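Subject: Handing over the two-chain model

Hi,

Here is the structure I promised you. Please have a look at it first, and then read on for what turned up.

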Amino acid sequence: MIGYLIRRILQMLIVLFFVTVFTLFLVHLFPGGPIRALLGPRATVEQVAYFNKLYGFDQPFYVQYGKWVWQLLHGNLGYSPKLNQTVTGLIAQDLPKTIVLVGLGTLVSLVFGIPLGMYQAVKRYTVSDYVLTGISFLGYATPTFFFALLLVEWFAVDSHIFPPFAPQGSSVGQVLSQPRALVLPVIAYAFLLYALWSRYMRSSVMDNLVQDYVRTARAKGASERRVLWGHIFRNSLTAIVTLLGLSLPTLVAGAIFIEVVFNYPGMGLAFYNAALNVDYQTLLGFTVLATLATIVGNLLADVSYAVLDPRVRYT
Amino acid sequence: MTIMGPGAESQLSQFGVLTEAPPAEGEGGVLTATKPRSALRRGWEVFAENRLALVGVGVVVFMVLFCFVGPLIYRTNQINTNLQLATCRPGGAHLLGCDEVGYDQLGRLMVGGQTSLEVGIAAALVAVLFGTLYGAVSGFAGGFIDSFLMRIVDAGLSIPYIMVVIILSVIFHPSPIIMIFLIAAFYWLGVARLVRGETLTLRTREYVQAVKVIGGRDIRAVVRHVVPNAIGTIVVQATFAVADSILILAGLGFLGVGVQPPATDWGSMLSNGLTYMQGGNYWWLIYPPGILIIVTCIAINFIGDALRDAFETRLQRR
């Protein structure tokens with residue numbers, strides 16, 4: 001187990017190296033370079049040259065890379081001239097709010113997705129299975145922003161049940177103090193993920209239903225309820241835990257769309273604004289952070305899979 | 001070698017197949033010609049039994065006809081804007097009304113659909129072709145090359161793709177052609193990983209080993225034997241890739257970083273229409289593009305699911 005962990009962490013470091021080189025390279029793709037993009041077309045050549053020197057963009061790529069990574073290792077993700085704020089400060093301010101949205105949305109989707117997926121597997125090939133399958137196909141095929149705006153139209157504009165925009169405020173406390181405004185963003189986010197869990201749970205439970213241990217449990221006289229919740233549920237959940245760790249890019253993508261639609265003051269919205277304003281330091285910092293989270297998520301998924309399923313060997 | 005080539009599963013029912021299937025035209029030996037065809041036919045039987053899949057095929061064919069043949073029948077001016085006609089109501093000369101700059105909405109749906117379908121299909125093709133070759137080479141080579149190539153894939157998969165696609169879209173102000181490569185640039189990663197996994201199990205098979213024994217080059221083993229046997233995985237991935245690409249393109253259109261005017265796609269039309277959501281009843285600007293996206297993607301997913309069953313040999317020989 002220890003050897004496996006060490007090997008995985010070494011792989012993780014190599015992956016991190018590739019990722020950081022790639023993201024820094026991205027910044028250089030801005031037409032005329034990042035400084036020209038930042039200062040705009042009316043900046044003089046001298047001004048661009050001055051700021052290029054100031055920010056070190058006149059140096060070779062490997063020097064820039066070295067300095068940038070050195071700063072990253074010290075927890076310094078850069079400075080956003082557009083917002084006049086450090087990127088770390090920006091993250092400290094927005095990340096908790098995004099975690100609230102992503103956490104609540106994921107929780108709601110799991111609470112519905114897992115039991116309904118199991119129900120579908122048990123009642124497979126019946127009308128209720130087909131109806132639920134239809135709903136999850138809809139979840140796959142509907143653009144997130146379209147569904148979110150339909151929710152706004154139905155529940156905010158037509159019937160005034162919920163406010164049409166997300167909770168506003170700079171702290172988590174302020175966001176949580178407006179629970180009614182949180183409902184629509186969380187539902188929209190959860191619907192996006194629901195399809196994922198329920199489809200996966202359905203096929204996972206169906207795979208487990210024909211396993212020998214299920215037959216053994218039944219032969220020993222276990223009730224159908226006990227077979228389902230005591231045996232199959234636990235074994236199918238392993239797959240979901242892994243999937244949860246692997247789906248961080250999906251969670252991030254969902255967060256960006258939902259936050260833009262509802263004007264939710266989190267990292268997704270900040271990232272989108274940074275992209276439109278060519279605020280490259282923020283873009284770099286956010287991308288590296290999200291990537292790090294994904295890599296750690298993948299690692300946790302693999303490790304927890306190995307821990308939860310004794311059949312997995314660490315080779 | 002060719003006798004062993006086409007499919008591991010076709011070897012299993014070799015004798016029954018050989019007696020009943022007629023030789024196909026344009027192929028050399030009887031053995032090579034009949035076997036892949038019969039494997040296809042058995043797959044087709046499973047596929048055709050799935051009614052949803054047939055509906056899916058019907059919908060996709062309809063969409064292709066609608067987008068590419070439709071403009072020949074329902075002729076509209078999609079070149080000049082006409083602000084006098086902006087948001088005109090459905091009826092009369094404009095069956096579905098006009099959009100916010102006076103294009104005929106039904107005609108616009110056809111033009112936008114061309115972009116959506118073209119980008120979706122082309123991005124899927126590029127991603128799957130490249131991903132397949134990359135994954136097959138990586139898995140077949142093994143050792144250091146495999147580790148190196150797969151770490152690159154890991155790195156790509158760890159970056160939330162939407163972030164990079166947004167950054168690149170802001171940089172390039174993409175045309176549909178660039179959009180194809182932007183989407184494919186991330187989609188191939190997943191394909192490569194899957195095909196590599198498949199290759200790892202295939203390369204130890206006797207018929208792949210046999211290539212080495214008779215002095216065939218590695219590239220031949222990969223292209224002629226490994227890839228054709230992984231074709232099930234590849235085709236299923238390609239199908240889902242089309243639907244995913246259409247959705248990604250739509251999402252980018254909503255963020256305003258998708259294809260730029262005068263080009264359009266269903267996603268851009270939908271997000272333009274959504275700005276009219278709260279200003280009165282402009283249903284023809286909102287629901288038609290939204291429904292076309294959803295229906296097309298569901299249809300493609302039906303096909304993908306059925307294809308997965310069709311390539312599942314356990315289901316073939318019931």
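A definition to begin with: a crossing of two helices counts as right-handed if the near helix is turned clockwise from the far one by less than a right angle, and as left-handed if it is turned anticlockwise. Please keep in mind that this is a predicted model.

With that in hand, take α6 (residues 105-141) of chain B and α12(B). Their crossing is right-handed. The two axes come within 8 Å and cross at roughly 135°. Angles over 145 degrees would count as roughly antiparallel and 65 to 115 as roughly perpendicular, so α6(B) is oblique to α12(B).

Which residues of α6(B) and α12(B) meet? On the α6(B) side they include B:Gly120, B:Ala123, B:Ala124 and B:Ala127, and among their partners in α12(B) are B:Ala238, B:Ala241, B:Val242 and B:Ser245. By class, this contact has twelve nonpolar and five polar residues, with no charged ones.

Next, the interface between the chains. Here 33 residues of chain B are in contact with 40 residues of chain A. On the chain B side, the elements that give two or more residues are α7 (143-158), α8 (161-172), α12 (231-255), α13 (266-274) and α14 (283-311). The most comes from α8(B), with eight residues. That side of chain B divides into 24 nonpolar, seven polar and two charged residues.

As for chain A, it has 14 helices and two strands. Its C-alpha atoms fill a box of roughly 85 × 60 × 35 Å, taken along the principal axes. Of the 315 residues in chain A, 37% are buried. Among contacts in chain A with a separation of 6 or more, 70% are between residues 24 or more positions apart.

Finally, the core. The largest nonpolar core has 159 residues, and those with the most contacts inside it are A:Ala148, A:Ala188, A:Ile258 and B:Ile183. Helix α9 (residues 179-209) of chain A supplies the largest share of this core, 18 residues.

What does A:Ile258 touch, leaving aside its neighbours within four places in sequence? The residues in contact with A:Ile258 are A:Leu101, A:Thr144, A:Ala148, A:Pro185, A:Ala188, A:Tyr189 and A:Tyr264.

Happy browsing, and do write back with any thoughts.

Best wishes

Definitions and conventions:
Residues numbered from 1 in each chain as written. Chains lettered and ligands numbered in written order. Predicted model: local features only at pLDDT ≥ 70, side-chain atom pairs only at ≥ 80, totals over all residues. Contact = placed C-beta atoms within 7 Å. Helix = DSSP H or I, 4+ residues; strand = E, 2+ residues; numbered from the N terminus. Nonpolar A, V, L, I, M, F, W, Y, C, P; charged D, E, K, R; others polar. Buried ≥ 20, exposed ≤ 12 C-beta atoms within 10 Å, placed from the backbone. Axes fitted to C-alpha atoms, helices over the stretch in contact; angles between N-to-C directions. Parallel < 35°, antiparallel > 145°, perpendicular 65-115°, else oblique. Core = buried A, V, L, I, M, F, W, Y, C linked by C-beta atoms within 7 Å.
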